[in-house]
Amino acid sequence: MSIFTGSGVAIVTPFLPDGSIHYDKLDELIEYHIANKTDAIIICGTTGESSTLTEEEHMECIRFTIQQAKKRIPIIAGTGSNATFTTIEMSREAAEYGADGLLLVTPYYNKATQKGLIAHYKAVAAEAKAPIILYSVASRTGLNITPETAAELAKVENIVGIKEASGNISQIAKIMNLTDGKLDLYSGNDDQIVPLLSLGGKGVISVLANIAPEYTHNMCAKFFEGDIKGSCQMQLDAIPLIDKLFCEVNPIPIKTAMNLMGKEVGELKMPLTPMEEDHKKALAEEMKKFGLKLA
């Protein structure tokens, strides 16, 4: 059984002016997503600025989200790191808190060979007793999960899925061919939700869902219901907005968009900086065209 199907939001981490986590706002966002058909919450991923959180903040944010969700919606904890030991420790702790799944990005900066990558994931899987979703995003980490590596890792009992953000449809198709249904596929790119669903994908881990949760859910739901044409049209209609949401490095535009909507999720943590004014203006215009209400 899949951890979730449909739209999983890569939720932002809201901050107070002093840079601490705004837990009241995070609680508000959790309720917002549950009320607006989001199918799962992914906490402390890339969009959640996990790389700039302290380990204590990171784990408290995960614990809080699991506690507040009260099993009403699956919570997937981002516990990947560039160090295997750290990944094991955070993953084990998140599993103990009751995370429904773990999202494990490939080790960044020091990277690894494919052999090292297999050893890394197997070591984590042996210690953290929760379902694991691999996360392949070479544009961020400099390290790709090859189809052959994905197929090897699919043999591990609690490695159950892969978030694929390579953008390489041929690679993704080969992963699905080699894993033969043993790995659930989730799109890591909002502009490729429907293409990946057509390859057997279970859904998306989405940035767009932060501001259009029901829309993103419905795009997936239409596909699963057999309305492929309707789902495809929703994907195409969202492309101009998605482009603006990635005109600067994520999560700069999505946090800007949420603040434009009056959600007041705070600023970004350095080294991320405020969105360029011309980009912000273009984003606001596209949001209005898409039908989103600005504050």
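This is a predicted model: local features need pLDDT of at least 70, side-chain atom pairs count only at pLDDT 80 or more; totals for chains, interfaces and linings use all residues.
UniProt positions are given here in the numbering of this structure, and such annotations may be inferred rather than shown by experiment. With that understood, the unreviewed UniProt entry places the feature "active site" at Y135 and K163.

**Annotated residues**
- Y135 and K163, which the UniProt record lists under "active site", are spread over 29 residues of sequence and yet cluster in space, with a largest C-alpha distance of 4.7 Å.
- From this set, Y135 is taken into the lining of the largest pocket, and Y135 has its place in strand β5, which covers residues 132-136.

**Helices α3 and α4**
- The axes of helix α3 (residues 84-97) and helix α4 (residues 114-127) come within 9 Å and cross at roughly 30°; because angles under 35 degrees count as roughly parallel, α3 is roughly parallel to α4.
- In this right-handed crossing, T84, T87, I88, S91 and R92 of α3 make the contact with H120, A123, V124 and E127 of α4, and the residues involved divide into three nonpolar, four polar and two charged.

**Helices α1 and α2**
- Helix α1 (residues 23-35) and helix α2 (residues 55-69) have axes that come within 10 Å and cross at roughly 45°, which makes α1 oblique to α2.
- α1 passes α2 in a right-handed crossing, where Y23, L26, D27, I30 and E31 of α1 meet E57, E60, C61, F64, T65, Q68 and A69 of α2; by class, this contact has six nonpolar, two polar and four charged residues.

Technical notes: Residues are numbered from 1 along each chain as its sequence is written. Side-chain values use heavy atoms; hydrogens and water are left out. Axes are lines fitted to C-alpha atoms, for helices over the stretch in contact, and angles run from 0 to 180 degrees between N-to-C directions. Helices (H or I, at least four residues) and strands (E, at least two) are DSSP runs, numbered from the N terminus. Angles under 35 degrees count as roughly parallel, over 145 as roughly antiparallel, 65 to 115 as roughly perpendicular and the rest as oblique. A crossing is left-handed if the near helix is turned anticlockwise from the far one by less than a right angle, and right-handed if clockwise. Contact means heavy atoms within 4.5 Å. Ala, Val, Leu, Ile, Met, Phe, Trp, Tyr, Cys and Pro count as nonpolar, Asp, Glu, Lys and Arg as charged, and the others, Gly among them, as polar. On a 1 Å grid over the protein atoms alone, a cavity is a set of points where a 1.4 Å probe fits but cannot get out, and a pocket is an open set with protein on both sides within 12 Å along at least five of seven lines; lining residues have an atom within 4 Å of a point.
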